[in-house]
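Please look over the sequence and the structure shown here before reading on. The paragraphs that follow lead through them step by step.

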Amino acid sequence: MATRAIATGEIRGADKARSFVRKLRSGDEAAHIATLTCAAAILLTTGLLVFELYKSSALTRHEFGWAFLWQRVWDPVSGDFGALPFLFGTVVTSLVSLAIAVPLGLGAAIFLAELAPPRISDALTFVIELLAAVPSVIYGLLGVFVLVPIMRDTVNPALEKALGFLPLFGGPSYGVGVLTASVVLAVMILPFIVSVSRESLLSVPRDQREAALALGATRWEATWKVVVPYAKLGIIGSVFLALARALGETMAVTMVIGNDPKIASSLLAPGYSIAAVIANEFTEATSDLHLSALIELGLVLFALTVVINGVARLMILGATRRGSAQ
Amino acid sequence: MILRKITNAVMFMLTGLCALATISVLFFILGYLVYYGARSLNWAFLTQLPKPAGEAGGGMANAIAGTAKLLLLTALMGVPIGFVAGVYLSEYGRGAFAFAVRYAADLLNGVPSIVIGIFAYALAVVPLGHFSAFAGGVALSIMVIPITIRTTEQFLRAVPQSLREGALALGASKSRTIATVVIPAAMRGILTGTILAVARVAGETAPLLFTAFSNTYWSHGWLEPIASLPVMIFNYAISPYDDWHRQAWAAGLVLLALMLAANIAARMILSPKAGRA
């Protein structure tokens with residue numbers, strides 16, 4: 001009984017092998033394997049990325065443990081490394097940039113989805129999406145030479161005069177600083193908010209609008225009380241997507257944030273961000289510990305963006321019922 | 001009722017202002033770059049090597065060639081891998097493995113560019129022992145792959161199933177069907193996506209800082225550090241020299257012009273009608 005089973009198994013195996021060779025000759029199986037290899041390479045690359053970051057930061061992980069995350073001192077000379085000033089700068093610039101970009105972006109998206117005629121809306125959306133194609137170093141260039149003088153001479157003094165009693169807007173202003181970086185970031189993430197929000201607003205079924213209008217709502221009421229809540233998930237998703245971008249943004253922030261690893265209460269003061277410190281110090285890191293600390297910062301940034309991106313994708317998936325990972 | 005009508009008008013006006021503000025940012029950017037960049041853009045800028053720090057004149061010929069070289073490497077390494085993997089996902093991809101690949105590509109797409117730089121450093125700089133054009137190409141390839149996969153899969157999926165069935169019914173094998181029917185049908189879209197993907201990484205600075213590094217001279221072969229436009233803009237913009245600032249503007253103008261040209265060209269390839277609108 002057993003031998004027979006083995007025998008048929010062998011025959012089946014031989015058949016399989018023969019048909020495999022035939023397919024290989026016709027190119028079918030070869031094409032399958034070749035494309036499969038490339039797909040597997042992506043998987044491998046991503047896995048390797050996580051592994052490399054984890055492995056290369058072993059030194060600081062052993063030296064400081066979790067305390068690395070809330071240690072305030074960053075002093076490469078004495079070998080003290082703490083991530084808190086950078087985490088603080090990264091999170092604060094991102095949140096402030098959201099505070100600027102979300103109202104503006106949502107407003108623009110509502111205009112494009114609800115008010116503008118489709119042809120004009122498409123053309124304007126194309127222009128806004130071009131903003132996303134502008135390289136970040138060019139935002140940095142404009143930030144350094146255009147925005148920094150404006151902030152130093154006009155905006156910051158005005159803010160200090162009007163709101164200087166709040167610690168948020170107190171202290172001296174150099175032009176470079178957390179607020180300037182947030183403004184640049186806000187402009188950079190606007191296109192993401194506008195185009196994804198517009199898409200979710202457009203995917204709201206027509207009868208929702210018509211029902212509201214039929215009940216006597218004005219167009220604005222129909223938009224604000226029916227259409228926007230309906231598209232809520234997609235809009236929040238776009239905000240998270242923008243947040244992930246803002247967290248990881250490097251060049252523009254490096255050029256205007258002031259690069260000072262201090263935690264200041266004022267938005268006008270210089271700060272530092274995770275991405276910026278990696279960009280500035282990576283090639284100049286002299287000790288292995290310094291390099292490992294920078295790589296661990298990279299790992300923290302990676303984890304942060306993966307989580308936020310994941311949340312964003314889930315929400316957009318839920319909102320439009322079609323996402324990348326079906 | 002009047003109050004509600006006023007609210008209606010005012011709120012919609014505000015949204016219009018938001019849209020206007022957003023769009024005007026692009027024109028501000030363009031305006032500033034043309035205003036400052038065009039003044040410093042001259043023949044020397046395009047043909048000469050950088051002068052030593054503090055000395056006036058010179059150009060960025062090596063950085064322009066460097067960006068071209070890095071993009072060539074990206075087009076040779078990253079784009080084919082992404083394209084073929086995209087074909088797999090669209091034509092063969094089923095089940096858990098395909099899901100994992102899609103998920104990995106999405107993950108990779110969201111990784112901050114500076115982290116990609118660290119990864120490429122570990123992958124291509126540490127083993128070689130020095131910065132190189134090759135390492136820069138690796139970094140840009142890792143960035144371009146997820147975008148290429150996404151667009152390839154998207155456009156291949158949009159090809160009607162009946163085309164595939166027609167080819168199969170005529171006796172073509174699956175691989176032949178894909179190569180001679182499906183891919184040509186989606187070629188226009190894939191080409192557009194590829195142009196956009198390469199254009200996007202052309203402006204990346206962060207992943208090049210510690211892979212390709214920079215170079216004040218010509219870079220020979222593929223294993224020397226190499227200058228690129230984005231890194232040059234960064235270095236020149238944060239330098240204390242006025243002449244370098246001017247050149248940073250000029251380089252910014254060149255880079256942005258490349259970017260806009262690629263975007264508009266891509267849009268015209270995709271839909272000749274929409275390009276005119």
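In which helix of chain B is L30(B) found? This model is a predicted one, and in it L30(B) belongs to helix α1 of chain B, which covers residues 2-40. As for its surroundings, L30(B) has 16 C-beta neighbours inside 10 Å and therefore counts as partly exposed, since a residue is called buried only if 20 or more such atoms lie within that distance, and exposed if there are 12 or fewer.

The C-alpha trace of chain B spans about 70 × 70 × 30 Å along its principal axes. Of the 277 residues in chain B, 50% are buried, and among the contacts in this chain with a separation of 6 or more, 71% are between residues 24 or more positions apart.

Chain B also touches chain A, in a contact that takes 72 residues from chain A and 74 residues from chain B. On the side of chain A, helix α2 (residues 28-56) gives the most, with 17 residues. Sorted by class, that side of chain A has 49 nonpolar, 18 polar and five charged residues.

Within chain A, the domain assignment gives domain 1 (2-56) and domain 2 (64-320), and the C-alpha centres of these two domains lie 44 Å apart.

Helix α4 (residues 84-115) of chain A and helix α10 (residues 232-248) of chain A pack at an angle of about 140°, with their axes 9 Å apart. Because of that angle, α4(A) is oblique to α10(A), whereas an angle over 145 would count as roughly antiparallel. The crossing of α4(A) and α10(A) is right-handed. On the α4(A) side, the contact is made by T90(A), S94(A), S97(A), L98(A), A101(A), V102(A) and L106(A), and on the α10(A) side by I235(A), V239(A), A242(A), L243(A), A246(A) and L247(A). By class, this contact of α4(A) with α10(A) has ten nonpolar and three polar residues, and no charged ones.

Notes:
Residues are numbered from 1 along each chain as its sequence is written. Chains are lettered from A and ligands numbered from 1 in the order in which they are written. This is a predicted model: local features need pLDDT of at least 70, side-chain atom pairs count only at pLDDT 80 or more; totals for chains, interfaces and linings use all residues. Axes are lines fitted to C-alpha atoms, for helices over the stretch in contact, and angles run from 0 to 180 degrees between N-to-C directions. Helices (H or I, at least four residues) and strands (E, at least two) are DSSP runs, numbered from the N terminus. Angles under 35 degrees count as roughly parallel, over 145 as roughly antiparallel, 65 to 115 as roughly perpendicular and the rest as oblique. A crossing is left-handed if the near helix is turned anticlockwise from the far one by less than a right angle, and right-handed if clockwise. Two residues are in contact if their C-beta atoms, placed from the backbone, lie within 7 Å. Ala, Val, Leu, Ile, Met, Phe, Trp, Tyr, Cys and Pro count as nonpolar, Asp, Glu, Lys and Arg as charged, and the others, Gly among them, as polar. Domain bounds come from an automatic or database domain assignment.
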